[in-house]
Amino acid sequence: MSEAPLVMKFGGTSVGGGAEFVRAAQIAAGAAESGPVAAVVSAMSGTTDALLGMTARTSTATTGGVLDRHLAAARHAVSGRFLPQVESWLRELAARLDRTLRSPNGSAAAHRDAVAGFGERFSAAVLAGALCSLGVPARVADDPIATDASFGGAAVDAAATRRRAARCVWPVLDGGAVAVVPGYVGRAPDGSITTLGRGGSDLSATALGRALGSREVWILTDVSGVFDADPDLVPEAAPVSGLSYREAAAFARLGAKVLHPKTMQPAAASGMEILVKNTFDLGAPGTRISAREGAPGVRCIGLRRGLSLERLPAAGSRSVFCVLGADSGSVRALVEAPDGGVAVVAGIGAPADGDLLCGIRALEAAGIHPLWAGSTTAGLTFAVPDGAAVEAVRVLHRELVRACLVEEVA
Ligand SMILES: Nc1ncnc2c1ncn2[C@@H]1O[C@H](COP(=O)(O)OP(=O)(O)O)[C@@H](O)[C@H]1O
Ligand SMILES: N[C@@H](CC(=O)OP(=O)(O)O)C(=O)O
């Protein structure tokens, strides 16, 4: 068996078109110069939504449209020598997609997964062709991830994944080729296709890395690492250099869309490190996620909307986001409620003693009155009215994250 590979996962925007496939192939080819590589690939951005829309008959997308988009990308990224082969794979996939759409098998959820998973198969074919065009042998290695049968968000079976990877990934690596693995999809014990949930290719990458004994997994995306707050909400947000598995998992559950919340589980179980890097700015350092816990301090600000603050009977069956306390037989909790009007803004990291009070004072000074504030497993937790949520993220980012960084630098 050859040396354990570096696993590199390319997200949807990193394979968003022909030029992006070339870039992704160049990055994987560069890494393959120093050792074996398994490239986990997502669907071209927008493709999974289109496929799900086709199963629900809510979109105007068609198999022909999906095929044309991939043929156009292949014509840009794949050389004349390999193009006929890649075009034939893409047409074959389109024919299989059409058959799957026409004759649903199993439950509605099973059918949805069988269709949704096609996006990653299409992009794997293009990436393998793009790598071969650069003179780097590459082969698609289908479906190494073994799961349970929970369609739409299946759980990975680590032992069975190791066995599947031995059958379908190791032979490719041992043959000296880059293994191109479609992300997001898995196989249930009866062989049916499952998916790991939206954004699940990140989990595919770490589950595969664990099965192959990899020491490192790269998540290649369209931003230069995990930012200390959602960059779409906070213009001053900046990449964090390092996070522990615990911090990264908490942040992913609280809005850091760049990582699927379960991504850290296989990595923590095997001690493998995750490096989040920008496909379009490979020189930027990115974020390293490891077992190391950093110095005291709030490292990032997360946000979770769609909650309500309620008193519940202790034996209730509501979907509880977080229990805040209990007295006289009732529980005070933040409950999942799409129109509940409450949001949680959380300071994730290793908060220092004065951070909670400092956060409360900063919010009050900005005219935001927390409905509840305290420490929970999510970190420092500030429940605020939903209308003030984005401003609260900005205030707490300024007060608890940026101010401390400035102090450290001074
Ligand atoms: N804390 C954060 N750090 C980095 N990106 C974030 C964060 N919060 C939200 N995002 C968003 O996540 C996006 C990357 O995730 P995603 O679109 O799933 O990428 P990919 O397609 O590469 O998997 C970024 O473009 C950014 O808009
Ligand atoms: N294509 C799937 C899985 C995925 O992980 O995508 P991305 O890497 O682009 O977040 C989705 O859209 O959910």
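Predicted model: local features only at pLDDT ≥ 70, side-chain atom pairs only at ≥ 80, totals over all residues.
User: Which domains does the assignment give for the protein?
Analyst: The domain assignment gives domain 1, covering 6–222, and domain 2, covering 297–409.

User: How far apart do the C-alpha centres of domain 1 and domain 2 lie?
Analyst: The C-alpha centres of domain 1 and domain 2 are 38 Å apart.

User: And what does UniProt place at residues 6–278?
Analyst: An unreviewed UniProt entry places the feature "domain: Aspartate/glutamate/uridylate kinase" there. In this model, residues 6–278 are 47% helix and 14% strand. The end C-alpha atoms of that span lie 16 Å apart.

User: Turning to strand β4, is it mostly covered or uncovered?
Analyst: Strand β4, residues 178–182, is mostly covered, with 5 of its 5 residues buried.

User: Which residues lie on each side?
Analyst: V178, V180 and P182 are on one side of β4, while A179 and V181 are on the other. Both faces of β4 are covered. As a general rule, side chains in a regular strand alternate between the two faces of the sheet.

User: Which strand is joined to β4 by 4 bridges?
Analyst: Strand β2, residues 37–41, is joined to β4 by 4 bridges, and the two run parallel. Within this pairing, V41 stands opposite P182.

User: How many bridges pair β3 with β4?
Analyst: Strand β3, residues 138–140, pairs with β4 over 3 bridges, also in the parallel sense. Here A138 is opposite V178.

User: Now the core. How many residues does the largest nonpolar core have?
Analyst: The largest nonpolar core has 131 residues, and A39, L127 and V345 have the most contacts inside it. Helix α6, residues 118–133, supplies the largest share of this core, 10 residues. The core draws at least three residues from each of domain 1 and domain 2.

User: On to the ligands. Which residues come nearest to ligand 1?
Analyst: Of the 18 residues around ligand 1, the nearest are G11, G12, T221, F227 and V258. By class, the shell has 6 nonpolar, 8 polar and 4 charged residues.

User: And which residues are around ligand 2?
Analyst: The residues around ligand 2 are G11, G12, S42, A43, T48, G119, G183, Y184, R198, G199, G200 and S201.

User: How do the residues of the shell around ligand 2 divide?
Analyst: The shell around ligand 2 divides into 2 nonpolar, 9 polar and 1 charged. G11 and G12 are listed around ligand 2, and G11 and G12 are also among the residues that come nearest to ligand 1.

Notes
Residues numbered from 1 in each chain as written. Chains lettered and ligands numbered in written order. Buried ≥ 20, exposed ≤ 12 C-beta atoms within 10 Å, placed from the backbone. Pairing = 2+ DSSP bridges. Near = placed C-beta within 6 Å. Nonpolar A, V, L, I, M, F, W, Y, C, P; charged D, E, K, R; others polar. UniProt positions renumbered as here; feature names shortened; annotations may be inferred. Domains from an automatic or database assignment. Core = buried A, V, L, I, M, F, W, Y, C linked by C-beta atoms within 7 Å.
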